[in-house]
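Please look over the model below.

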Amino acid sequence: MARAQSLPEVWLRGPVAGVPQEIMPVVHSLLQVREELEAVVPSLSQEQLWARPGGAAPVGFHLRHLAGSLDRLLTYARGEQLNDTQLAWLKGEGTAGPEPAAQLLQIAQRAIEVALHQVRTTRVWMLHEPRTVGRAGLPSTVLGLLFHAAEHAQRHAGQIVTTAKMLKA
């Protein structure tokens with residue numbers, strides 16, 4: 001479901017029902033990412049998915065990394081540590097695989113839906129609770145992790161859009 005040309009960006013469409021104002025920007029960002037991916041990824045061939053124009057990271061990597069990083073950052077936001085499956089996914093994010101664009105898009109969409117559910121069900125009173133990140137236990141908060149998950153996904157969506165444009169030029 002690609003964003004219609006006439007619609008403003010998600011953050012300019014107003015509040016999302018059931019989302020507290022304090023975390024609305026996170027939800028807006030994730031919804032924007034979903035729309036941008038749905039508008040660009042389905043038309044990519046397998047060759048385009050793993051092409052590296054000018055040495056740039058391939059779209060396939062960005063899709064895998066977007067999904068994996070959302071999962072990892074939200075794991076930390078829940079106060080949990082990464083499991084073996086998550087660590088294995090991280091190691092394989094940059095490896096060209098047999099999955100077509102539609103399948104990688106579906107993986108990213110699922111990660112976004114899971115993230116949206118977690119963000120929507122996060123209680124406002126929890127936002128400033130401390131959390132640690134990674135083996136080093138770097139300091140953050142629930143809000144810091146939710147915000148970073150959304151902005152990190154947005155950054156990779158932008159790279160996907162730009163790389164796709166380069167490939168189609």
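## A helix end and an arginine

The backbone oxygen of alanine 77 lies 2.8 Å from a polar atom of the side chain of arginine 131. The side chains of arginine 131 and glutamate 129 are also joined, by a polar contact of 3.2 Å. A polar contact here is a pair of N or O atoms within 3.5 Å; within protein, one must be able to donate a hydrogen and the other to accept it, and residues adjacent in sequence count only if both atoms are side-chain atoms.

This is a predicted model: local features need pLDDT of at least 70, side-chain atom pairs count only at pLDDT 80 or more, and totals for chains, interfaces and linings use all residues. Residues are numbered from 1 along each chain as its sequence is written, and side-chain values use heavy atoms, with hydrogens and water left out.

Arginine 131 sits in strand S1 (residues 130–133). Is arginine 131 buried or exposed? Arginine 131 is buried, at a relative accessible area of 14%. Buried means under 20% relative accessible area, exposed over 50%, and partly exposed in between (1.4 Å probe, protein chains only). Leaving aside neighbours within four places in sequence, arginine 131 has contacts that include Tyr76, Ala77, Arg78, Gly79 and Leu145. Contact means heavy atoms within 4.5 Å.

Now the helix. Helices (H or I, at least four residues) and strands (E, at least two) are DSSP runs, numbered from the N terminus. H3 is mostly covered, with 17 of its 19 residues buried. Glycine 79 follows H3 and has a positive phi, near 85 degrees.

Axes are lines fitted to C-alpha atoms, for helices over the stretch in contact, and angles run from 0 to 180 degrees between N-to-C directions.

| Pair | Axes come within | Crossing angle |
|---|---|---|
| H3 and H5 (residues 101–121) | 9 Å | roughly 20 degrees |
| H3 and H4 (residues 84–92) | 10 Å | roughly 150 degrees |

H3 is therefore roughly parallel to H5, whereas H3 and H4 are roughly antiparallel. Angles under 35 degrees count as roughly parallel and over 145 as roughly antiparallel. On the H4 side, the contact residues include Arg64, Gly68 and Asp71 of H3 and Trp89 of H4.

How values were computed
Parallel < 35°, antiparallel > 145°, perpendicular 65-115°, else oblique.
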